[in-house]
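This report looks at how parts of one chain pack against each other. Look through the sequence and the structure before reading on.

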Amino acid sequence: MGVRTGAEYLQGLRSSPRDVWVGGQRVDNVADHPAFSAVAREIAALYDMQHHPEHRDSLTALDAVTGERCGIAFEPARTVDDLRRRREGYRLWAEASFGLLGRSPDFLNTTLLALWEDRHVFGEAGQRYADNVAWYYDHVRRHDLFLSHALIPPQNDRTKQSHEHGALHLRVVGEEGGGIRIGGARMIATLGPVADEILLYNLPGMRPGDEDHALICAVPAGAPGLRQICREPYQMAGERAAFDHPLSTRFEENDSLLVFHDVFVPWERVFSYRDVKLSGDMYFRTAIRNHTAYQTNTRALAKMQFATGLAMAVARSIGADAFLHVQHMLGECIGYVEHLKSGLARAEVEAERTASGTLRPALAPLQALRTMLPQAYPRVIEVLQTIGAGGFMLMPSGADLAAEEIAGDTATYYAGAQLSSIDRVKLFKLAWDLAGEAFGQRLVQYERYYAGDPVRNIAGTYLAVDDTDYRRLVEAALALAGEPQPAGLAPASAA
């Protein structure tokens, strides 16, 4: 089939009814429902970009076997230039949404690439599991499907292991000749309602006794028995004006709780079965962290550049950038952006060979960026809020600006240092949509937790460090002291 068009993606949603609940109502056709239609159109626009002549070679690669084009995120890298080409594809899609779509299709495409590259790990439990990984990677790649995923059990009693929760956590409930049946629940499926498929695997931490919960598999979003219960939307299509809410009316990623009511999963879609050890080892024995962090940090770079650029524009619009403390805050934000650029470049320069002979970006700099972002992005938003200050609280609506009776007042009292009233209001509306609205606050929370518990992640940096150079320098410095000497003898350095 090759790369899809946006129209084909939307038609796929319409022809695949699903059990999605939002606002107390069941939604079968998510493509045209006001809670999901806007973001579905934005995803469709990403698929259309793959067909634009100016973007095709950056966003797609030619399959040497079929002669069809596939998304660049699926493409194994053989050289550093291949990695950089893949990053250019990530960048183009990220900038199309200003980095605000945290789960654009390329994110989980990179996950499948990682599993495919290290499919031998899954084959240790039986060759059929490695074959299943290879089949599913090829299936999604050839049909250009959009995946969501859900890795976390429902947030209730975190002191208990999965098997102590019984039916609450996702688990195997039975086997049949052609596959297995699963029940329980998982969170958080970002963009799950508008995905084609759902990938399920576990974060590290399972222990003996959790075998029924140790499962890696994939199910269609419309699988019988799979229900999605969505959080309350921040906007519904047609309810709010794009002038007043230019971001939230386009890029809201709804999140859902997945509930599995005896869902059938064919064996070919099962990649690991009741294997507690593999469920935990997968993160460390495959390139999943390398590839996902490479895409994620490229997207984060676009998002941080956008948020920092907004802070700069707001400061300049009212002349606040003339003050030292504002310059200091903006310089801090620019520093975060430069960290992202540097880390991505280092990940390419220090790229590593996989067991299958392909190239993956180095993990250490990418993990450093991932652990920086939960602090850096909220800080950039705080800077934006601080610079805009009370100005965010009194912006009129687009309808006010269009009202002729008060046009003189709005033109006079909302003008900026170098901007007309309409341009300043438009800028402040854009900034507040990102920094103050519920939509923007969800983005802050997303960056804090999208990669898991930030405390555990930073602690993991210490636990996984290669401390050879650290110890070498400390030991060299300790050697300067020499051995203790009796009183009255000259110090070793003087001798």
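Predicted model: local features only at pLDDT ≥ 70, side-chain atom pairs only at ≥ 80, totals over all residues.

Residues are numbered from 1 along each chain as its sequence is written, and side-chain values use heavy atoms, leaving out hydrogens and water.

**Aromatic pairs**

Rings of Phe, Tyr and Trp (its six-membered ring) pair if their centres lie within 6.5 Å; planes under 30 degrees apart are stacked, over 60 edge-to-face, and the rest tilted. By this rule there are 15 aromatic pairs. Two of them are listed here.

| Pair | Centre to centre | Angle between planes | Class |
|---|---|---|---|
| Phe-98 and Phe-306 | 5.0 Å | 35° | tilted |
| Phe-392 and Phe-428 | 5.3 Å | 55° | tilted |

Helices (H or I, at least four residues) and strands (E, at least two) are DSSP runs, numbered from the N terminus. Phe-98 lies in the loop between helix H4 (80-96) and helix H5 (105-117) and Phe-306 in helix H11 (residues 288-317), so their pair ties together parts 208 residues apart in sequence. Buried means under 20% relative accessible area, exposed over 50%, and partly exposed in between (1.4 Å probe, protein chains only). Phe-98, at 35% relative accessibility, is partly exposed, whereas Phe-306, at 15%, is buried. Phe-392 and Phe-428 are both buried.

A charge sits over a ring if NZ of Lys or CZ of Arg is within 6 Å of the ring centre and within 35 degrees of the ring normal. The charged end of Arg-424 sits over the ring of Phe-428, 4.5 Å from its centre. Likewise, the charged end of Arg-128 sits over the ring of Trp-267, 4.4 Å from its centre.

**Nonpolar cores**

A nonpolar core is a set of buried Ala, Val, Leu, Ile, Met, Phe, Trp, Tyr and Cys residues joined through side-chain atoms within 4.5 Å. The largest has 81 residues, and Tyr-9 and Leu-384 are among those with the most contacts inside it. Apart from this core lies another, of 49 residues, including Ala-114 and Leu-258.

**The sheet**

Two strands pair if DSSP finds at least two bridges between them. An open sheet has 4 strands in the order S5-S8-S9-S12, with mixed pairing. Its edge strands, S5 (147-150) and S12 (270-273), each pair on one side only. Strand S9 (residues 215-220) pairs with S12 in the antiparallel sense over 3 bridges, and Ile-216 stands opposite Ser-272 in S12.
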